[in-house]
Amino acid sequence: MAERERAATPPYGGVFSARAQVMDAADLRRAVTRIAHEIVERNHGLDDVALVGLQTGGVPLSRRLAAELAAIEGREVPVGSLDVAFYRDDIGLRPVMPQAVTDVPFDLSGRVVVLVDDVLFTGRTVRAALEGLTHHGRPKAVQLAVMVDRGHRELPIRADYVGKNLPTGCEEVVDVRDDGVDVGVKLVAPGAGGGKPGATGRTGGGR
Amino acid sequence: MTASSLLSIGDLGADGIDEVMTLTDSFVEVSQRAMPKVPALRGRTVVSLFYEDSTRTRLSFEAAARRLSADTMNFSVSTSSVHKGESLRDTALTIEAMGVDALVVRHPSAGAPAQVASWVSCPVVNAGDGWHEHPTQALLDCYTIRSARPSLAGLRIAIVGDIKHSRVARSNVTAFTLMGAEVTLVAPPTLLPPSLAGWPVEVSTDLDAVLPKVDVVYLLRIQAERQAEALLPSLREYTAGYGLTERRAELLADDALVMHPGPMNRGVEIAAAVADLPCSLVTRQVANGVAVRMAVLFLLLGAEPRG
């Protein structure tokens, strides 16, 4: 079974061991195309629409969606990226560090903001993102697009656009990349920055 | 940052300094927003315990704590029971008993913050102790240089002025050399420490010869009382030999940077016109100070699980 080193960024280090591929590159491309069409349909075009990808998994996906939207409607939408570390509700309970600098170079006030993330799991990342967005303006509406909804919600949050609904076990890890989606488990390397096994398991689920 | 306190810059090491720099990038972004505040340390309390006068460092820590949504309390000696005879230990324990998550300590005696850290269970940040260390100043100076240059590695930095009495010089020599810069100290012999054994630096008394060769000139504040201690004949004589006058500023390379930890004595260690040149990073140092201290407080209070 293929075993790949996940980005060893502390505190999320560890080794991801893939068990099954659930989407291949073509599946992923079709899902992005479909979601893009759904965004255009739901919003009757792209007036006032902006994308905000969540660090780290949602950022490449938001760029792909933006390119797809440009291909469909022939116009660019603003794309930002948000790191939700400072808005998480588990600061002090587990290691929390931002993975990248937030970059929202436009005022969100009056816009329809589509939050983009790779995996929807407990909903806590999205809650943090909703709080973070308010620091960049007051959007007219916020919608949520995710590639995989893996269940296990702990908050009353649902996605508006879903690439694939995927029932999973709590301990499984869903890994979304440009070339496909795998389900597997994370093996915490001895002495890795992740600390207690399972302590970092329930963040978005992408890692 | 593995230690639970920030007492000296050497404890961080190069990796620790890099970690603070990377996190500071995020807080610089926060500071540039219309509402420069995040809820990361909601419900935490940061107390500043200052046994020495300070405006910018105290305000900078306070702004940092508030931008992280922590509550702040201030303890300054002039309004406290210290002049009723309360010891440092009793004061620290009293404040801790009120429920404090971090203490920011400035004290005229070297080692006082480390003492406090040994008495209390919460993290302690050294905000300057005697002639010893001022680690957050060194961090903000590294960050300021790094925001103007790709990296500190290989840069030549001159630190000019009262090295002997300067905690800023001590922390910055350690930080700059850890990051790979080459440091030259420039000062009259009376303002150099009695021994420089173990300092990874070069020493010069000829500022004119050093200036054309450096990427950064870092000026230290000259305190008027040094003259009373007969270490300096006069401030005018100091300026003639070691001040960054307009004439000397022309000796600098075109892309050289000028820094000063503040407060500046314009006309003594730095000419008023030089302080306002585009190559002067003084106001950027102050702005970065808040973001760097946000990073330090977040690393100590937020990045690791409690207890």
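Some conventions first. Residues are numbered from 1 along each chain as its sequence is written, and chains are lettered from A, with ligands numbered from 1, in the order in which they are written. As the model is predicted, local features need pLDDT of at least 70 and side-chain atom pairs count only at pLDDT 80 or more, while totals for chains, interfaces and linings use all residues.

On confidence, the predictor gives the complex an ipTM of 0.86 and a pTM of 0.91. Chain B has an average pLDDT of 93, and 97% of its residues score at least 70; pLDDT is the predictor's confidence in each residue, from 0 to 100. Where pLDDT is low, the predicted coordinates should not be read in detail.

Now the contact between the chains. On the chain B side there are 14 residues, and they meet 15 residues of chain A. Contact here means C-beta atoms, placed from the backbone, within 7 Å. The chain B side divides into seven nonpolar, two polar and five charged residues. For these classes, Ala, Val, Leu, Ile, Met, Phe, Trp, Tyr, Cys and Pro are nonpolar, Asp, Glu, Lys and Arg are charged, and the others, Gly among them, are polar.

Next, chain B itself. Its domain assignment gives domain 1, 9-134 + 286-301, and domain 2, 135-282; such bounds come from an automatic or database assignment. The centres of domain 1 and domain 2 of chain B, taken over C-alpha atoms, are 25 Å apart. Their contact takes 25 residues from domain 1 of chain B and 21 from domain 2 of chain B.

Which element supplies the largest share of the domain 1 side? That is H1(B), with eight residues. Helix H1 (9-31), strand E4 (124-129) and helix H12 (282-301) of chain B each supply at least two residues of that side. Helices (H or I, at least four residues) and strands (E, at least two) are DSSP runs, numbered from the N terminus.

H12(B) also packs against helix H5 (residues 135-148) of chain B, at an angle of about 115° and with the axes 8 Å apart. Axes are lines fitted to C-alpha atoms, for helices over the stretch in contact, and angles run from 0 to 180 degrees between N-to-C directions. Among the residues in this contact are Leu139(B) and Tyr143(B) of H5(B), and Val292(B) and Val296(B) of H12(B). The residues of the contact divide into five nonpolar, five polar and three charged.

Chain B has an open sheet of five parallel strands, in the order E7-E6-E5-E8-E9. Strands pair if DSSP finds at least two bridges between them. E7 (201-204) and E9 (257-259) of chain B are the edge strands, each pairing on one side only. The twist averages 20° from one strand to the next. Within the sheet, five bridges join E5(B) to E6(B), and Ile159(B) has Leu185(B) as its bridge partner.

Last, chain A. Five strands form an open, parallel sheet in the order E4-E3-E5-E6-E7. Here the edge strands are E4 (79-82) and E7 (161-165) of chain A, and the twist averages 25° from one strand to the next. Helix H2 (residues 58-73) of chain A packs on this sheet, its direction making about 155° with that of E3(A). Helix H3 (residues 124-133) of chain A lies across E3, E4, E5 and E6 of chain A, at about 155° to E5(A).

Note on methods:
Two residues are in contact if their C-beta atoms, placed from the backbone, lie within 7 Å.
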